[in-house]
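Visitor: Please show me the model. I would like to go through it by question and answer.

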Amino acid sequence: MAVHFLHTSDWHLGQFFHNHDREFEHRAFLDWLLEQIQCKQPDALLIAGDIFDVINPASSAQKQLYQFLANAHDLAPQMQILMIAGNHDSGYRLEQVEPFLGKFNAKAVGVIRRTTEGQLDLERLLVPIYDIEQHIVAWCLALPYLRSAEITGLNEHSTNHQNAIAYLHQQLIAEARTRLQPDQALILMSHAHMQGGETSDSERPIVVGHEEALSTALFDADIDYVALGHLHKPQKVGQAHIRYSGSPIPLSFSELNYQHQVVEVRIDPSQSDEQRFQYEALMIPRTVDLLRIRADLNELIEQVKALPAGEIEQLAARHFLEIEYTTSAPPPVDLRQQIEQALPPNRYRLLRISRIYPQCTDTNPQASKIDLAPPTPESLFSSLWTKMGYEPDDSVQRDFLQLLHEAQQDIDLPQP
């Protein structure tokens with residue numbers, strides 16, 4: 001029996017981009033996704049983490065998710081919605097509304113729990129997927145973002161984060177095999193940074209045991225499809241069946257050329273290897289563009305004037321613009337005013353004006369960029385390290401990221 005599902009991730013509902021909310025763009029994406037669900041009637045929708053942008057999302061972001069779940073259930077009542085928590089999410093928050101989710105044929109796996117005997121609770125991580133006739137057509141191994149406190153210290157196989165992750169995968173896959181029938185598929189959904197994945201500058205580094213990425217060797221050959229979340233660029237990792245669906249909208253200017261998509265997957269275990277899998281990238285329309293102008297100061301104003309015109313009435317629908325310019329002389333004090341006057345009216349939101357010094361353009365332009373974006377813990381640490389006169393040191397950076405990772409875990413631990 002074939003299983004048919006949609007793979008998406010990294011919605012980051014509630015994100016603010018240079019103090020502009022993205023609710024309009026997310027609403028357009030969710031409306032488009034509802035159209036796909038109504039048309040394709042899949043067995044399941046997999047959302048591989050980072051549903052929200054922050055651990056404590058605004059009520060408007062939560063409302064957006066729950067309204068989507070209600071609308072999706074109305075359009076495809078047989079479809080299951082399976083969600084896992086990402087590193088931006090609070091797994092406990094996602095799970096606390098479980099009775100509500102059940103009304104819409106939805107389930108969230110936010111944390112790794114233990115049984116009363118202190119063992120891994122594998123039962124909750126193995127979710128059957130049914131077809132319209134209520135036959136089990138697949139098993140989903142749902143692995144949320146793995147926090148050290150949840151998986152280490154079980155036994156001699158889980159003394160640190162790295163071997164605990166390996167042990168968890170081994171145990172979960174072994175348990176899944178005991179339930180798997182010949183005509184059923186195995187799907188693993190995980191929120192992790194895998195080795196070989198291409199990153200952008202908007203992803204918060206995940207450091208596990210001083211390592212930033214996991215090996216795809218964790219995934220047994222019996223796994224038919226690995227639905228990944230965390231990296232925002234849609235991509236395969238090593239093999240066609242191990243994929244990041246990517247984010248539905250660009251979350252930074254480093255993602256302005258990404259081809260955002262939802263992956264449609266069909267798996268028929270009864271077919272040969274060549275016909276067993278069908279993949280299709282469903283391209284997500286972009287409602288708000290990210291535009292960047294890079295020019296010498298002498299040419300900058302003319303390039304700004306040459307931007308496409310045409311007013312966009314709604315502020316939230318106007319395109320984002322950043323400008324980077326080079327000049328060997330001091331820029332005029334009214335440069336921003338000149339740029340704003342040259343811009344076609346009511347079409348763009350000017351987010352940032354940065355100067356790149358000519359002597360650095362061929363070596364490391366990022367080093368000289370004046371960036372007005374809000375600082376992150378990582379950027380503040382790097383800046384302070386450099387100001388103290390130290391040379392860049394990868395091991396120090398990894399240690400800092402590990403400490404940051406542990407601090408973020410502590411923030412999300414349940415209250416006693």
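Guide: Before the questions, a definition: contact means heavy atoms within 4.5 Å. Axes are lines fitted to C-alpha atoms, for helices over the stretch in contact, and angles run from 0 to 180 degrees between N-to-C directions. Helices (H or I, at least four residues) and strands (E, at least two) are DSSP runs, numbered from the N terminus. This is a predicted model, in which local features need pLDDT of at least 70 and side-chain atom pairs count only at pLDDT 80 or more, while totals for chains, interfaces and linings use all residues. Residues are numbered from 1 along each chain as its sequence is written, and side-chain values use heavy atoms, with hydrogens and water left out.

Visitor: At about what angle to β15 does helix α8 run?

Guide: Helix α8 covers residues 297-305. It lies across β15 and β16. Its angle to β15 is about 145°.

Visitor: What is the strand order in the open sheet of three strands?

Guide: Two strands pair if DSSP finds at least two bridges between them. The pairing in this sheet is parallel, and the order is β15-β16-β17. The edge strands, each pairing on one side only, are β15 (290-296) and β17 (348-355). From one strand to the next the twist averages 20°, and the order asked for is β15-β16-β17.

Visitor: Which residue in β17 is the bridge partner of Ile-323?

Guide: Strand β16 spans residues 319-326 and pairs with β17 in the parallel sense over seven bridges. The bridge partner of Ile-323 in β17 is Ile-353.

Visitor: Why does strand β9 count as largely enclosed by the rest of the structure?

Guide: Buried means under 20% relative accessible area, exposed over 50%, and partly exposed in between (1.4 Å probe, protein chains only). Ala-185, Ile-187, Met-189 and His-191 point one way from β9, Leu-186, Leu-188 and Ser-190 point the other way, and all are buried. Strand β9 (residues 185-191) is therefore largely enclosed, the buried count being seven of the seven residues.

Visitor: How many bridges join β9 to strand β10?

Guide: On one pairing, strand β8 (residues 136-143) runs parallel to β9 over six bridges, with Ala-142 opposite Met-189. In the pairing with β10, Leu-188 has Val-226 as its bridge partner. Strand β10 (residues 225-229) is parallel to β9, and the bridges joining them number five.

Visitor: Is Asp-10 buried or exposed?

Guide: Asp-10 lies in the loop between β1 (3-8) and β2 (16-17). Its phi is positive, about 55°, although it is not a glycine. Because its relative accessibility is 0%, Asp-10 counts as buried.

Visitor: What is the relative accessible area of Asn-105?

Guide: Asn-105 sits in the loop between α4 (98-102) and β6 (106-109). It too is not a glycine, yet has a positive phi of about 60°. Asn-105 is partly exposed, and its relative accessible area is 28%.

Visitor: How many disulfides does a search of the whole structure find?

Guide: A disulfide is a pair of cysteine sulfur atoms within 2.5 Å. Cys-39 counts as exposed because its relative accessibility is 62%, and Cys-140 counts as buried because its value is 0%. The number of disulfides found in the whole structure is zero.

Visitor: What share of the residues of the chain count as buried?

Guide: The secondary structure of the chain comes to 12 helices and 17 strands. Of its 416 residues, the share that count as buried is 52%.
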